[in-house]
Amino acid sequence: MEEKIHAIYAAAETALSQTTKEEEIEEIRVRFLGRKGELTQILRGLGELPSEKRSFIGKLANEIKTKIEHAIQSKLDTIRASRFSRLIDEEWIDVSLDSPRSTGEYSRGHLHPISQIQYEIEDIFTSMGFTILDGPEVETDYYNFEALNIPWYHPARDMQDTFWTEDGNLLRTHTSAIQVRGMETHRPPFRVIGPGRVFRYEATDASHENTFYQVEGMMVDREISVAHLIYFMKVLLREIFKTEVTIRLRPGYFPFVEPGFELDIHCLICNGKGCSVCKQSGWVELLPCGLVHPNVLRYGNIDPDQWSGFAFGLGLNRLVMMRYGINDIRHFLSGDIRFVCQF
Amino acid sequence: MWLSWNTLSDLVDLTNLSVEEVVERLTMSTAEIESIEPMNPHLAQVIAAKIIDIMPHPHADKLTLVDVDTGKEKVRIVCGAPNHKKGDIVALAPCGTTLKEGFTVHKTKIRGEESCGMLCSEKELGLSDDHSGIIILPPHTQLGKPLNEIFKEWYDVRIEIDNKSITHRPDLWCHEGFAREIAALFGRKLIDPVDYSIEKSFGKSDALAVVIENGDAAPRYCGLYVKNINIAPSPSWLKARITAIGMRPINNIVDITNYVMSEIGEPMHAFDRKKLRGNTIIVRMARDGEPITTLDGNTHVLSKDDIVIADAGGPIALAGVMGGGESEIDDSTQEIVLEAANFNPIHIRRTAGRYNLRTEAAIRFEKSLDPELCPRAIIRCYQLIKEIIPQAEAITSIVDAYPKKLKKISITTSFSFIRRKLGTNISNSEICNILKSLQFTITESGDTLSIEVPSFRATKDISIPDDIVEEVGRIHGYDNIEPKAPLVPCAPPEKNEKRAFERLIKDIMVKDNHLIEVSNYSFVGEAQLKKLGLSSDKELKLKNPLSMEQDRLRRSLLPNLFNNAALNQRFRDEFQIFELGRVYLKDDKQSPNLAQEKTFVAGIVYARKPSTPLYYRARQIISLLLSKLNIKNFHIIPETTSLPPYAHPGRSAIVRAMDKEIGLIGELHPATIEALDMKGHGAFFDLDVDALMAAEKLPQKFTELPRFPEVPFEVSVLAPSREYAANLCDIVRASTQLVRSCEIISIYEGAPIPLGKKSVSLKVVFGSNEKTLEPSQIDELQKTVIAALEKNGYALR
């Protein structure tokens, strides 16, 4: 009996040494340790042995069983380890590279910087209760000039060189045209902004474009004052530039506001010390604003004795240029993706 | 416009004020200042010195060695001038002086002889163009005295005003206007340069008459007949003043009229009396076709909209713009007629524009000048003539035609209104002081404030209480107003759905589709459209385009996007771009007069060597967009015939939503690729955003997950190779209600499939909401599907 047990162990060892596959190991386990396995038979037959032999054989058979179990496990571990190491070897890739591109896969998208700033400003103003308005880009003389207190003979028309269309209309020279349309559709009190594209009949160079973007803003309520205007402008600029901005208001003439202002900010490049960007003045002219002229309110069918308001116009191209240090306004409409992809 | 500090100091007390502080206050309260420029700063360094000896230069015939005494030391100068002699007092520029035109004097050797400075001519000092010899100063000039103390008038600072910032202020187009502002800002005394007593010396002759035919066009005309004129160069002080404001000195009379314009703001003119025909000056509208030759030598054919000054023989000046050549004063002029008039700004502006003559006179008249200036200007002008030509004599008094009197403007407002508008607690007394300092006449009565506007502010600038608010605010200083949040109800604003929708589209394009947003001009040009095979002339054209390339408004975003692709192929082998913007359709009017504007989103996908047709990428972009927008029932339908010329007829499809055509997807026609000089391939898409917004959206609702197992089934059939395989799925889906989905998993052409055919493999999924399908039922379903396909001519493989 004892020899038989040793023989089983030897057979198991031989079988294990001859295999390299995980499935075969299972077969070996069944052959020796399974329900009908060779060693299992012996263990089952222990009861038939004389009692003096029983404990000795039993002990031996259990020892051998453990040894076979260990041998199986260790063989299994070896095989698995070598399978994984082969796989890992086969699956080596060059991790120094970026993802290889195939058609249909493209790098990230980019929103045009004007869209980005426009959305930022829209969000700032909507959070303060302003409604976003729209208007046509091809406008009538009435909305672009006349209702803004700029009659046909007014010299201010020279300040805004205008594209005229063959049908007697014009390309709006400022988003202020949206103001008038806003007053037609909204009864006071209201707060509105009108972002959009505007046009000037002007030769282009690094600082002049014939097409650019503005945001017009207007608030009409009881007793709106210069102090309120300054408050909103300060909040707006703080939000845009993410820092407290020093501003100053100077008189500025625009027929649709009275009083009218030019709002300057401390040059962000030199912090007001004077540099080439601000022409050594320390200040950069940023946005025209003022209290809405009573005539303009009247054109919008609003009684200036009951209501007053402020309005402002903000040039978006200028803002983006200041923020990122862009030195040529022509980049915006160049269609060159090397420009857009920087933002 | 230039202002001379010296001229300003004649009009307002500037004692102890620096140019910088004046400019700072003017910037904050009045106008934009472009620059500050010292005039002839070198005069402070150049000194008077006496020639004590002159010796010939040993190596040069035309040079001399000059020893001069500066009062402190003796220096030797090598000098090339021909006009100096021993004992002369001359102007010495010591080493280190930078003269006019940036030339710096250095210690140097000239032909071997040392020279420690330079003796200067008038030209080198910036006093005139005279370079014939060095300047010889009066004999008793104190040695060592700096020249800025001798030529005080030439040592000046000039301030450049930004003209655009004073278009609304006719009163600011002269020194006096700014002097008034400075007086108000600094509480200084204003000095009136006009000596009205001189009027008493005017003669009583009737040798001049003025007739104004149209008082609306010319509200006022003042003339003065002056004889015993002697035309000569102006005295040095006047030349200095004229030079400082950026003009060239001409002669005494012209310089005086220009000076009066720059001093008190009234453009003036002087006619040679002997060249006038008759005694009467007629101010009238020009006759259509009437010619005039102006001072600049150009001849203009006038229209009845122009105002002319005429005599018995015809026009002698284009009123308010430029004098006529025939009546121009010259060196022999002995008698003149001085003119100071007032014209309708609208006429002047149009005339100046029509003949491209934006003269100093025109830019002032078009701002609405104060007619009260006319007689003042005549008196001031005569005062200066008498000073410079003492024998001159006014033989008439001021001949003043004034048919259209300036209306006095009175404004009634209140202190509380001003405070409310400014949002600051400025006191009654400060308000009064400010208004008085600006020469408003005020009457207080409790809170009420009655204001009379001075004539120089009354022509268009100030007419309503809000204008008074501005006057108070700007002098008070806007920086002194504390920002204040308004007290208003707090509620979420009304939402602009269109804007939000546009933004959503852009976000999907960028974040989900990974496209790059570009922005293009709204303009296109004929050549560009022709290249794409588009018939031109449907676009709304500009009357005044900047160029042929941008002479009309786009009807589609695509032409400019195609150009973007042609540009960017130079930088990248693969890219995908889009634009969301407006197109302008003149054939569809929206509100009464305006061309319809529609918003589109369009784009182009480019690849130099695409591995699969780019059409599929464009289609993928649009499918994703439409599904993210929840567009209900959208279809992408193949189209081969009714396509724009730039679309590839074998690779294009129309996008429909709820049976409305809303866009197009396609690859570029090979001819377009060639015309655009593109090296690779391109696919485009073009969608109507307004239609997308109007399209019905799928409600967002939960659908029960399938409770019973779904059974897949794959089948391959033969189809003609040019058959749209998507049709097969339609057939399968229509064959039985238990088809959950059907998709094409592969298409194969080539052996053993017969030529002209392709094998299409479909994956069909069956499923029921009520029960698990029995094997027999599945078998039945498969047969139904196959039968449906076969019935339509697609044989099983």
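Buried area, as I use it here, is the accessible area (1.4 Å probe) that two parts lose on being put together, summed over both.

**Ground rules.** I'm working on a predicted model, where local features need pLDDT of at least 70, side-chain atom pairs count only at pLDDT 80 or more, and totals for chains, interfaces and linings use all residues. Residues are numbered from 1 along each chain as its sequence is written, chains are lettered from A and ligands numbered from 1 in the order in which they are written, and side-chain values use heavy atoms, with hydrogens and water left out.

**Interface, chain B against chain A.** I started with the area: about 7700 Å² is buried between chain B and chain A, and carbon and sulfur atoms give 56% of that. B:Arg349, B:Arg499 and B:Arg503 supply 9% of what chain B buries against chain A, more than any other three residues. For contact (heavy atoms within 4.5 Å), I get 91 residues from chain B and 95 residues from chain A.

Next I looked up charge pairs. A salt bridge here is a side-chain nitrogen of Lys or Arg within 4 Å of a carboxyl oxygen of Asp or Glu. Between chain B and chain A the count is 9. One pair I noted is A:Glu122 with B:Arg503, at 3.6 Å, N to O. B:Arg503 is also one of the three arginines from the area entry.

Polar contacts came after that (a pair of N or O atoms within 3.5 Å; within protein, one must be able to donate a hydrogen and the other to accept it, and residues adjacent in sequence count only if both atoms are side-chain atoms). The rule finds 35 such residue pairs across the interface, both residues at pLDDT 80 or more. Strand β30 (residues 574-589) of chain B gives the most to the side of chain B that touches chain A, with 9 residues. That side divides into 36 nonpolar, 20 polar and 35 charged residues. My classes: Ala, Val, Leu, Ile, Met, Phe, Trp, Tyr, Cys and Pro are nonpolar, Asp, Glu, Lys and Arg charged, and the others, Gly among them, polar.

**Salt bridges overall.** I picked out A:Arg323 with A:Glu120, whose closest N and O atoms are 2.7 Å apart. A:Arg323 sits in helix α11 (residues 316-324) of chain A and A:Glu120 in helix α5 (residues 113-127) of chain A, so the pair ties together parts 203 residues apart in sequence. Helices (H or I, at least four residues) and strands (E, at least two) are DSSP runs, numbered from the N terminus.

**Helix packing in chain A.** Axes are lines fitted to C-alpha atoms, for helices over the stretch in contact, and angles run from 0 to 180 degrees between N-to-C directions. Helix α2 (residues 22-33) and helix α4 (residues 51-90) of chain A have axes that come within 10 Å and cross at roughly 175 degrees. I therefore log α2(A) and α4(A) as roughly antiparallel; angles under 35 degrees count as roughly parallel, over 145 as roughly antiparallel, 65 to 115 as roughly perpendicular and the rest as oblique. Their contact residues divide into 6 nonpolar, no polar and 7 charged.

The peptide bond from A:Pro188 to A:Pro189 is cis, omega near 0 degrees, and A:Pro189 lies in the loop between α8 (176-185) and β4 (190-199) of chain A. Another cis bond joins B:Ala751 and B:Pro752.
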